[in-house]
Amino acid sequence: MPNSIFEDKINKDLKIEPRDEMPDGYRSHLIRQMSQHAHSEIIGMQPEGNWITRAPSLRSKMILLAKVQDEAGHGLYLYSACETLGITRKQMIEELQTGKAKYSSIFNYPTLTWADIGAIGWLVDGAAIVNQVSLQKTSYGPYSRAMIKICKEESFHQRQGYEIICTLAKGTDEQKQMAQDALNRWWWPSIMMFGPHDKDSNRSEKALNWKIKRESNDSLRQSFIDKTVPQAELIGLKVPDDKLIWNEKTNHYDFGDIDWEEFWNVVNGKGLCNKERIEHHKKAHNEGEWVRKAAVAYSEKKLNKKVA
Amino acid sequence: MNFSTDFEKYIARLADSNLIMGQRLSELCSKGPYLEEDIAISNIALDYLGQANMLYELLKKAGNGKYSVDDYVFHRNERNYYNLLLVEQDNGHFGKTMAKIFLYSTYQKILYSQLSKSTNDDIKAIALKSIKEVNYHFKHSRAWVLRLGDGTKESKVKIQESIDELWRFTGEIFESDYVENNLISENIITASNTYYDEWSKIVKDTLLEALLTEPENVVMLTGGKKGLHTEKLGFMLAEMQYLPRTYPNAKW
């Protein structure tokens with residue numbers, strides 16, 4: 001049987017565009033992944049936004065606000081890219097609020113100190129970049145272009161986060177403690193961001209065949225660990241993993257066992273902030289309803305006036 | 001920390017109003033009625049913080065570098081903050097937030113267009129840079145006053161209530177005092193009380209177009225320029241300043 005145009009394009013590493021024919025499974029996988037990605041940007045605004053009013057210098061306040069604003073822009077961009085697949089933003093928001101759609105579980109952890117803002121930039125954005133750089137080569141055109149655009153800003157965020165952590169690590173004893181404590185709390189959740197091990201990830205194989213995903217969870221996780229451990233050592237912080245050791249044979253770090261029970265607990269709603277994050281989103285959305293209605297009513301009135 | 005010259009006192013007023021305006025608006029990040037508006041409000045907040053930063057840099061220069069920008073922001077108490085009362089008021093709902101930005105940016109438009117003719121090059125440069133930003137704040141908030149005024153019944157009530165509630169804080173914007181006198185004679189600034197007519201005309205016209213009523217017989221409140229505030233400011237400073245105050249030896 002001859003290949004379909006779709007398969008042909010995938011085999012030749014050409015991009016699939018919104019008007020191209022695509023299998024239903026491809027479309028629904030993309031909607032799930034891209035909307036989850038967009039929701040993560042949006043929900044991620046909350047733990048970081050939590051520290052804007054308390055940032056310890058005017059400069060760091062402005063940088064953090066600009067950064068969170070970037071995340072909102074990424075969310076907007078990804079929602080639009082996802083809309084090319086035939087789902088509306090309204091539907092996506094409903095799915096987020098009813099729990100049908102997920103967002104990155106890392107944002108269900110609380111930001112307790114200023115060092116957490118550094119840790120999020122350094123580790124969480126650092127992990128996101130590893131994933132997103134690989135997604136620049138994803139087979140769906142609008143998603144690939146979104147990733148290219150977003151990666152540029154994310155690498156700036158990662159540097160911003162690392163700068164905060166470096167300043168703390170070089171600071172007073174209390175600041176050093178703050179930095180180490182943040183690393184202790186964010187390290188494992190960050191490496192869980194790449195998802196289950198390849199052998200346990202049932203959706204991965206299809207996504208790899210369709211070239212939506214370009215690298216497996218475990219290989220992405222490994223490159224994040226290899227890149228990040230030396231950054232921690234450079235500033236005198238200790239990665240909270242006793243089994244972490246450089247393996248000369250593989251040219252990679254070996255690392256300890258991931259606590260998947262915790263991972264699934266947080267995914268399934270038992271994290272410290274799952275409830276708060278969605279409630280915050282619903283509250284803002286509901287409180288904005290009268291504003292959206294007024295804007296529609298106003299533009300309808302203006303339109304009628306023009307027609308009359 | 002006390003400001004010894006009229007120049008420093010005047011600049012501190014402008015800087016503080018922008019800082020507190022930006023600090024208040026930054027509370028709204030992730031709480032907008034929809035994503036595009038969330039981004040717009042953060043953008044406006046960033047402009048205010050940026051303007052505050054330039055003005056504190058100017059204060060630093062005027063004080064021969066004795067204090068840093070962050071000293072001004074994090075190490076002054078309520079009675080040494082000189083922002084307008086208007087800007088420290090709660091964000092309230094979206095209508096109140098937009099009403100506040102509208103009333104403030106209308107004033108800033110006039111202020112910066114005057115200061116862009118200043119004989120002081122630093123002030124002139126800050127005014128020229130800021131005026132572009134303020135024009136956007138003005139256009140954006142004015143458009144919302146119109147939309148909400150002529151939107152639904154509910155939005156009309158809400159925006160009218162917001163204008164009514166904030167009106168009593170607008171009087172002090174146009175108060176001139178001894179701090180301004182010498183600066184006016186040196187053509188560094190123009191008097192705050194000369195801004196009222198233009199401000200009033202723009203606001204009146206907008207309210208009329210938005211089918212809203214201008215509040216009448218309102219008793220005006222005052223004090224911000226002298227460091228006498230409403231109870232709101234103390235909480236804002238407590239939140240904003242807590243880290244540098246808790247760890248006085250730390251650098252961030």
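1. Contact between the chains. In this predicted model, 49 residues of chain B touch 44 residues of chain A. Together the two chains bury about 3,900 Å². Carbon and sulfur atoms account for 72% of that area.

2. Chain B and chain A share two salt bridges. One of them pairs the side chains of Arg89(A) and Glu36(B), with an N to O distance of 2.5 Å.

3. What chain B brings. Seen from chain B, several helices supply at least two residues each to the side that touches chain A. Among them are helix 1 (6–26), helix 5 (94–115), helix 6 (121–149) and helix 10 (232–246). Helix 2 of chain B gives the largest share, 12 residues. By residue type, this side of chain B splits into 24 nonpolar, 14 polar and 11 charged.

4. A site to look at: Thr53(A). Thr53(A) sits in the loop between helix 2 (24–49) and helix 3 (58–83) of chain A. Is Thr53(A) buried or exposed? Its relative accessible area is 6%, so Thr53(A) counts as buried, the cut-off being under 20%.

5. Partners of Thr53(A). The side chain of Thr53(A) makes a polar contact of 2.5 Å with the side chain of Glu239(B). Setting aside neighbours within four places in sequence, Thr53(A) also touches Lys61(A) in its own chain. From chain B, its contacts are Gln23(B), Ser26(B), Glu27(B), Glu239(B) and Met240(B).

Note on methods
Residues numbered from 1 in each chain as written. Chains lettered and ligands numbered in written order. Predicted model: local features only at pLDDT ≥ 70, side-chain atom pairs only at ≥ 80, totals over all residues. Heavy atoms only, no water. Contact = heavy atoms within 4.5 Å. Buried area = accessible area lost by both parts, 1.4 Å probe. Salt bridge = Lys/Arg side-chain N within 4 Å of Asp/Glu carboxyl O. Helix = DSSP H or I, 4+ residues; strand = E, 2+ residues; numbered from the N terminus. Nonpolar A, V, L, I, M, F, W, Y, C, P; charged D, E, K, R; others polar. Buried < 20%, exposed > 50% of the residue type's maximum accessible area, 1.4 Å probe, protein only. Polar contact = N/O pair within 3.5 Å; in protein donor to acceptor, adjacent residues only side chain to side chain.
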